[in-house]
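Welcome, and thanks for taking a look at this one with me.

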Amino acid sequence: MASLAFSATSTWGSPTYMTLLEKFDGPKNDRSVFGKVNCKKRDLTIANVASKLPVVAPPAPPPTTTKTVENECKLRAWTSIQQERWEGELEVEGEIPLWLNGTYLRNGPGLWHLGEYNFRHLFDGYATLVRLHFENGRLIMGHRQLESEAYKAAKKNNKLCYREFSEVPKPDNFLSYIGDMAKLFSGASLTDNANTGVVKLGDGRVVCLTETIKGSIVVDPATLETIGKFEYDDNFGGLIHSAHPIVTDEEFISLLPDLINPGYTVVRMEPGTNERKYIGRVDCRGGPAPGWVHSFPVTEHYVIVPEMPLRYCAQNLLRAEPTPLYKFEWHPKSKGFIHVVCKASGKLVASVEVPLFVTFHFINAYEETDEDGRIKAVIADCCEHNADTTILEKLRLQHLRSFNGEDVLPDARVGRFIIPLDGSRYGKLEAALNPDEHGKGMDMCSINPAYLGKKYRYAYACGAQRPCNFPNTLTKIDLFEKKAKNWHDEGSVPSEPLFVARPGATREDDGAVISMISDKNGDGYALVLDGTTFEEIARAKFPYGLPYGLHGCWVPKK
Ligand SMILES: CC1=C[C@H](O/C=C(C)\C=C\C2=C(C)CCCC2(C)C)OC1=O
Ligand SMILES: CC(/C=C/C=O)=C\C=C/O
Ligand SMILES: [Fe+2]
């Protein structure tokens, strides 16, 4: 299929869209997009509608293959999405459990270039939403670009217009540079490219998120259409928040880092409202700025506030060219801390110094009680990168695209913080199990959501089968037995496994685990594993390989 190059000569306005709408109509369209993939053409309502969707050709992707020592790497994980959107039914191999009814939504940075200009970091890409709709053993896949202001402006002007994770728009001249600085301070130049995750609020609204507050965007889970900005209806201000709020049917809890008076505000929002309410505040204990707080855990009674020695850095925010640690700085002398805030009173119940740590993702946390039922400690688990920040650099696209058989993924582990609540000054950090169990790779985790904040046994994540340059296995961690069971498809990259509990289940691991795989042939497929045995129960090939996605959520059938 001819693709419209995302260049000065291409048209992204409605005339082209209309032309394509007419041109790519009906099932014929599917074939032209798919090539030889086995996609059923049954008249499923959604699929039928979907097959009539305009298949707008996207920016031409950057080179898709990378020379390696042995062979050509065709992996699509690190290359831009092929087209703006697609939807259709997939042929299922194996059996999708009939109880698995609902939609898995996944978000991630899926478009990494503007015309000839290639972005440099995984986290810079424009958001690509993917949906896997499971219904009575059948599976419909769809993907669509998120229509953020940043994405729309890039398409319209064919250049970067907002500050992304590592990319910064080039000022035209000195005066515009001064203007850009003003925009930076007001937040006007920050991106709203919500490419990190997607959550379902208790009231049913589905919101895409990233680190910037303005990058909170409501989408329709059925069509993946961008509905509009999620406006927070309160006076907290600020420009950034944790990219991973804690979201349940009852609440939305988030942390707002304060870069002026280093600290964090803990806030809570009720379903059906857009108003975050104040829970409490933690002042940082070290360093010139708060630690990066990409995620945080909660227990039944507490919000756990990590203060990582990898701290936000005002100078790096202002720089035009990325530094090795991007918007952050490593401050080992400033130390690392974990703070525990009571959800009900907002009071700080513990604040302990812990060994240096680096983490993107907390897995879960819970309270440990003594014989009399008194809470004596908090346990908080995370994907911990052995206090080594190099993982941030390893997520550069050039690095991800150039795997040559060398083992270059830095080691990681399930880091377990033990935080005493008896007034002690220090907490501990240790590996929850031997990292060899999961090939010393560890990130992109999920749990059975019914165990959020509670003592739990199982975590699902990505581990490593070495040599590799990125986590390449799905791993089920048993924190009681301290064992892991690993799933691996040689040469492929799986995305974050998501656990869905079987309705009525009483065992923690009774359910299914969903992931999407980029395989070594350049294809991709949805994968369903049994939550207990961790064996494959079904897979369904995509029409083409999709870019890597970060985080997702489950929207159960109503
Ligand atoms: C991880 C991860 C990266 C991605 O970040 C996206 C952006 C736009 C982040 C921007 C910023 C920071 C990381 C630090 C503080 C400043 C600011 C520029 C907002 O989203 C992710 O989840
Ligand atoms: C992809 C990743 C972090 C994503 C943040 O949202 C980490 C991968 C390697 O450990
Ligand atoms: Fe994340």
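How many nonpolar, polar and charged residues does the shell around ligand 2 have? Sorted by class, that shell holds 8 nonpolar, 4 polar and 1 charged residues. Please keep in mind throughout that this is a predicted model.

## The two ligand sites

Let us stay with ligand 2 for a moment. Its surroundings consist of 13 residues, and the closest are His294, His361, His385, Asp443 and His551. Histidine 294 has a side-chain N or O atom 3.1 Å from an oxygen atom of ligand 2. On its own, ligand 2 has 320 Å² of accessible area, and the protein covers 99% of it. Two or more residues of the shell around ligand 2 come from each of the elements β23 (359–369) and β27 (443–446).

Now for ligand 1, which is surrounded by 16 residues. Phe123, Thr196, Thr210, Ile240 and His294 are the closest of these. By class, 9 of the shell residues are nonpolar, 5 are polar and 2 are charged. Threonine 196 places a polar side-chain atom 2.8 Å from an oxygen of ligand 1, while the distance for glutamate 211 is 3.5 Å. Histidine 294 turns up here too, with a side-chain N or O atom 3.3 Å from an oxygen atom of ligand 1. Of the 510 Å² of accessible area that ligand 1 has on its own, the protein covers 98%.

| Residue | Ligand | Distance to a ligand oxygen |
|---|---|---|
| Threonine 196 | Ligand 1 | 2.8 Å |
| Glutamate 211 | Ligand 1 | 3.5 Å |
| Histidine 294 | Ligand 1 | 3.3 Å |
| Histidine 294 | Ligand 2 | 3.1 Å |

## Packing inside the protein

In soluble globular proteins, nonpolar side chains tend to be buried together. Here the largest nonpolar core has 106 residues. The members that touch the most others are Trp78, Leu132, Phe134, Leu392, Phe417 and Ile419. Take tryptophan 78: leaving out residues up to four places away in sequence, it touches Trp112, Leu122, Leu397, Leu400, Arg401, Phe470, Val493 and Tyr548. Another core lies apart from the largest one; it has 17 residues, including Cys383, Ala412, Met442 and Leu479.

Just after α4, asparagine 158 has a positive phi of about 55 degrees.

## Loops and backbone details

Two further residues other than glycine have a positive phi: leucine 224, near 65 degrees, and lysine 335, at about 70 degrees. Leucine 224 sits in the loop between β12 (217–219) and β13 (226–229), and lysine 335 in the loop between β20 (328–330) and β21 (336–342). Are these two residues buried or exposed, or in between? Leucine 224 counts as buried because its relative accessibility is 2%. Lysine 335 counts as partly exposed because its value is 37%.

Lysine 343 belongs to the loop between β21 and β22 (348–354). With a relative accessible area of 22%, lysine 343 is partly exposed. Neighbours within four places in sequence aside, lysine 343 is in contact with Glu251, Ile253, Ile279, Val298, Thr299, Glu300, His301, Tyr302 and Val303. A polar atom of the lysine 343 side chain lies 3.0 Å from the backbone oxygen of threonine 299. Leucine 325 is 18 residues from lysine 343 along the chain, and their C-alpha atoms are 33 Å apart.

Finally, which residues does a cis peptide bond join? They are arginine 466 and proline 467, with omega about 0 degrees. Proline 467 lies in the loop between β28 (458–463) and β29 (473–478).

Note on methods:
Residues numbered from 1 in each chain as written. Chains lettered and ligands numbered in written order. Predicted model: local features only at pLDDT ≥ 70, side-chain atom pairs only at ≥ 80, totals over all residues. Heavy atoms only, no water. Near = heavy atom within 4 Å. Polar contact = N/O pair within 3.5 Å; in protein donor to acceptor, adjacent residues only side chain to side chain. Areas by Shrake-Rupley, 256 points an atom, 1.4 Å probe, with all protein chains shown as cover. Nonpolar A, V, L, I, M, F, W, Y, C, P; charged D, E, K, R; others polar. Helix = DSSP H or I, 4+ residues; strand = E, 2+ residues; numbered from the N terminus. Core = buried A, V, L, I, M, F, W, Y, C linked by side-chain atoms within 4.5 Å. Buried < 20%, exposed > 50% of the residue type's maximum accessible area, 1.4 Å probe, protein only. Contact = heavy atoms within 4.5 Å.
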